[in-house]
Amino acid sequence: MTETLSHTALITGASRGLGRALARELARQGWNLLLDARHPAPLEAVRAELQTLTHVQTRSGDVGDAFHRQELLEAAQTLGGIDVLINNASMLGPSPQPDLLSFPLDILEQVYRTNVIAPLALIQTLEPQLKSNACIINITSDAGQEVYAGWGGYGSSKAALEHLSAILAVERSDLSVYWVDPGDMRTDMHQAAFPGEDISDRLLPEESVPGILQLIAQRYPSGRYLARALPARNQ
Ligand SMILES: NC(=O)C1=CN([C@@H]2O[C@H](COP(=O)(O)OP(=O)(O)OC[C@H]3O[C@@H](n4cnc5c(N)ncnc54)[C@H](OP(=O)(O)O)[C@@H]3O)[C@@H](O)[C@H]2O)C=CC1
Ligand SMILES: N[C@@H](C=O)C(=O)O
């Protein structure tokens, strides 16, 4: 059965951190949600929390897995299509992060599969279910632009995601394509990036949400944005 719902967002990696913060605010605003993450229990906890606010579907799986992406497509069909796709799920790689010359190449392939190939693959898979003037938001990082020693794996993957996003934006002017640096956030991934360090001075992911939702609401020109600096464009 196909339910006809007005506004639907698919957020990858929505069981914690920025993805969950975005899901919470979109749910509060009445958006219908399709959420994923690999581990079912924390994802189910998010669904249980938000189902009192809106319609929430979850699919647990790895964005790098083609079968899982097909499951997301089928769920999107039952929801009547997707208005906003937020490619948020990401892989840091080893913690601490190794220098490039000692970076295990099998793990580098996983990082690229998760951070570069999977977001594009999900856009390709979902294309038949993207509504007209749909919005694609690829979550990138300062590490995709700045050159930090020790960030060669994850950072170069985010640079690739940024360039891919920019080309998609010119190839598909009918879509709103945003690549967004959310800023440093106090999350599990950030703690893994700085193992053993006190990260309590970093802002919570909730601080990056209003800017991202402003992009969705205002439909600024496609481009790179800093979530916490919106409406300024960063390119
Ligand atoms: N935290 C920071 O300071 C910064 C983060 N970013 C970016 O922001 C985004 C969110 O990061 P953050 O909230 O910190 O990350 P977290 O590690 O807190 O959360 C990651 C989420 O993604 C899910 N996830 C991870 N891998 C996969 C996968 N292969 N398939 C599906 N789901 C997956 C996790 O659940 P599960 O483990 O169950 O799969 C979890 O729900 C990322 O794109 C990150 O690169 C950018 C700049 C700074
Ligand atoms: N900016 C980095 C800090 O943790 C990241 O992208 O994760």
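This is a predicted model: local features need pLDDT of at least 70, side-chain atom pairs count only at pLDDT 80 or more; totals for chains, interfaces and linings use all residues.
**Ground rules.** I number residues from 1 along each chain as its sequence is written, with chains lettered from A and ligands numbered from 1 in the order in which they are written.

**Entry 1, ligand 1.** I looked up which residues surround ligand 1, counting a residue if one of its heavy atoms lies within 4 Å, and found 30, the closest being Ser 15, Arg 38, His 39, Tyr 154 and Thr 187. I then sorted this shell by class and noted 10 nonpolar, 13 polar and 7 charged residues; here Ala, Val, Leu, Ile, Met, Phe, Trp, Tyr, Cys and Pro count as nonpolar, Asp, Glu, Lys and Arg as charged, and the others, Gly among them, as polar.

For the secondary structure I used DSSP runs numbered from the N terminus, with helices (H or I) of at least four residues and strands (E) of at least two. Helix 1 (17-28), strand 2 (32-37), helix 5 (152-171) and helix 6 (188-193) each supply at least two residues of the shell, and helix 6 gives the most, with 3 residues.

I next checked polar contacts, which are pairs of N or O atoms within 3.5 Å. An oxygen atom of ligand 1 is 2.5 Å from a side-chain N or O atom of Thr 187, a backbone N or O atom of Leu 18 lies 2.8 Å from a ligand oxygen, and a polar side-chain atom of Arg 16 lies 3.3 Å from a ligand oxygen. Taken alone, ligand 1 exposes 890 Å², of which the protein buries 97%; the areas come from the Shrake-Rupley method with a 1.4 Å probe.

**Entry 2, ligand 2.** Around ligand 2 I listed Ser 141, Asp 142, Trp 151, Tyr 154, Asp 184, His 190 and Phe 194, a shell of 3 nonpolar, 2 polar and 2 charged residues. On its own ligand 2 has 230 Å² of accessible area, and the protein covers 89% of that.

Searching the whole structure for a side-chain nitrogen of Lys or Arg within 4 Å of a carboxyl oxygen of Asp or Glu, I found 9 salt bridges. One of them joins Glu 127 and Arg 172 at 2.7 Å, N to O; Glu 127 sits in the loop between helix 4 (105-126) and strand 5 (130-139), and Arg 172 in the loop between helix 5 and strand 6 (176-181), 45 residues apart.

Most residues other than glycine have a negative phi, and most peptide bonds are trans, so I noted the exceptions. The peptide bond from Ser 95 to Pro 96 is cis, with omega near 0°, and Pro 96 falls in the loop between strand 4 (82-87) and helix 4. Asn 133, in strand 5, has a positive phi near 60°.

Note on methods:
Side-chain values use heavy atoms; hydrogens and water are left out. A polar contact is a pair of N or O atoms within 3.5 Å; within protein, one must be able to donate a hydrogen and the other to accept it, and residues adjacent in sequence count only if both atoms are side-chain atoms.
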